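Please open the model in your viewer and keep the sequence panel beside it. The tour below goes from one selection to the next and says what is to be found at each stop.

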Amino acid sequence: MSSQTKTDFLQGDLYINGKWVSAPDQSYFESLNPATGELVGICAAASSEQVDEAVTKANEAYSLWKNTPIPERAAYLTKAAQLFERRKEELASIMTKEMGKVLPESLGEVGVVIATAHYMAGEGRRLFGETVPAGFADRNVRMVREPLGVAACITPWNFPVALASYKIFAALITGNTVVWKPASEVALSAKIFVEVLAEAGFPAGVVNLITGSGRTVGQTLAEHSDVKVISFTGSTEVGQKLAEMSSTTLKRISLELGGKNAVIVLKDADLDKAADGIVKSAFTTTGQRCTAASRVIVERSVKERLVQKVEELTKSMKIGNGLEEGKQVGPLVNEDQLHTVEKYVKTAIEEGGKIVTGGQRVKELGGYYYEPTIIENVKPNDTIAQEEIFGPVLAIIEVDSYEEAMEVNNGTIYGLSTSIYTESLHYANRGAKEAVSGLVYINNGTSNAEMGVAFGGMKMSGNGHREVSHHAFDVMTEWKSIYTNY
Ligand code: NAP
């Protein structure tokens, strides 16, 4: 930081009621590049008064926005999509600088934001109600969806803008106003995202941005009595706290949480395709995806051949600064995350795991880099087979049958994503039915989300809500039943 001048870095402020405002007493925190340790910029830490102001202004804007016809709301989203197209490179490069994912992934993520804006703009026209045959003459009965009010959107750092777009665009198209609290690591990416929405012309108060620590700013927002719905993506631990809090205030809460995703490889599988799917879903985004594959459950007779192929592909991955061309694996997001990964690998070895490849920090690169790591000889109840690591670490677990594989797959507290590689129609269909996961992939890795397809997890990976598709409307609206006698 010492050699940088003020003009080298960006400043992230708060966006409240259509205006950019600074933090009180110049209370700013730093955004650091995990690849280099350099300062990317400084970001405002909102005071509790500013959180209150953001919610109050969002609440005041609610009546106007709720009564704005959906095609007009959709037009703002379409405009935003065009503007995101223009600022794609800039936004992607800041995301890479703030949280480390390689540039092609960041560009792809901005593409998801654009697709979500178009999707929600179109889907808004299908915010259908229902009519029900009345039980009496001269009466009609209908049900309509209504927005809830102020939506608090709280998001993690691993997909700084895509996850925000899932929540914010679903909230806006259905007539809710928004206060967004992004993760502190990616507050500058959030600033650009909101600059685009501001330029698209959303009326003052409809979209607000507050930044600062989750424990203070996030919690104050979530607890605010004028917030009617919380849409949270993040760790199961924080999700549980928010769920507990929302039970006393009876706020609607949607939780998209952690995962311990597995790729099951049966003995009849195409091992080349399986290895490719495993490596892509385990190590892209440096394993920091809720849907990252962190367990391979493989039938013993093909284990050695599969591991050899996975090892070869893993060793060929290019690690480095995500802004440099050709890099496939960037750094972990911060020092804490690096230490978490180191701790889990140490524990795995203590519990009997054997390193196939990786297992070390990449010191010569300087940032928070860790080698993509494969550990075999892992038992289903070992720590690394049970707990979410959120890093580039893959556990190999051997089994003797499909039945045992499925038992191991379902034997964690999580239920986000399961993948099954097999040529058997029988096992593909049984797998789809028996996996207790919100997402099941046959002959594909664990990480893939298509627009319009419900996204979310079972068990401790969520609380039953779904995003991305029109099912997000179930989070952002409630039903009103109207009886008319004539
Ligand atoms: P996190 O620590 O739970 O934080 C998520 C967000 O919550 C951040 O904005 C954080 O703010 C805020 N926060 C923290 N404590 C809070 C509190 N007490 N009250 C209100 N807000 C609070 O998660 P993360 O480390 O950013 O992200 C990684 C986790 O997200 C992993 O578990 C991953 O599996 C999960 N995830 C799930 C999905 C899914 O769709 N299921 C997708 C992506 C990620 P600060 O960071 O500023 O403190």
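Throughout this tour, two residues are said to touch, or to be in contact, when they have heavy atoms within 4.5 Å. The model is predicted, so that local features need pLDDT of at least 70 and side-chain atom pairs count only at pLDDT 80 or more, whereas totals for chains, interfaces and linings use all residues. Residues are numbered from 1 along each chain as its sequence is written, and side-chain values use heavy atoms, with hydrogens and water left out.

Select residues 103–123, which form helix α4; helices (H or I, at least four residues) and strands (E, at least two) are DSSP runs, numbered from the N terminus. The expected span of a helix is 1.5 Å times one less than its number of residues, and because the 21 residues of α4 should therefore span 30 Å, the 30 Å between its end C-alpha atoms agrees with expectation.

Now centre on Ala117, which belongs to α4 and counts as buried because its relative accessibility is 0%. Residues up to four places away in sequence aside, Ala117 touches Leu77, Ala81 and Phe169.

**The nonpolar cores**

Which residues touch the most other members of the largest nonpolar core? A nonpolar core is a set of buried Ala, Val, Leu, Ile, Met, Phe, Trp, Tyr and Cys residues joined through side-chain atoms within 4.5 Å; in the largest, of 56 residues, they are Phe84, Ile168, Phe169, Trp180 and Phe193. Helix α6 (residues 187–200) gives the most to this core, contributing nine residues. Apart from it lies another core of 29 residues, which includes Ile16, Val179, Leu221 and Leu257.

Next, show the surroundings of Trp180, whose contacts, not counting residues up to four places away in sequence, include Cys153, Pro160, Ile168, Phe193, Asn208 and Ile210.

**The ligand**

A polar side-chain atom of Glu388 is 2.6 Å from a ligand oxygen atom, a polar side-chain atom of Gln219 is 3.0 Å from a ligand nitrogen atom, and a backbone N or O atom of Ala183 is 3.4 Å from a ligand oxygen atom. Of the 910 Å² of accessible area that the ligand has on its own, the protein covers 89% (Shrake-Rupley method with a 1.4 Å probe; for residues, only the protein chains shown count as cover).

**Two threonines**

Go to Thr284, in the loop between α9 (271–283) and β14 (293–299). Its side chain reaches the backbone oxygen of Lys280 at 2.5 Å, and Thr284 is also in contact with Glu105, Val279 and Arg289, once neighbours within four places in sequence are left aside.

Then select Thr314 in helix α10 (residues 300–315), which counts as buried because its relative accessibility is 3%. A polar atom of the Thr314 side chain lies 2.6 Å from the backbone oxygen of Val310. Residues up to four places away in sequence aside, Thr314 touches Val279, Phe283, Thr357, Pro372 and Ile374.

**Two positive phi angles**

Phe390 lies in the loop between α12 (383–386) and β17 (393–399), and its phi is near 65°, a positive value in a residue other than glycine. With 17% relative accessibility, Phe390 counts as buried. Lys459, in strand β21 (residues 458–459), has a phi near 45°, which is likewise positive in a residue other than glycine, and at 34% relative accessibility Lys459 counts as partly exposed.

Definitions and conventions:
Buried < 20%, exposed > 50% of the residue type's maximum accessible area, 1.4 Å probe, protein only. Polar contact = N/O pair within 3.5 Å; in protein donor to acceptor, adjacent residues only side chain to side chain.
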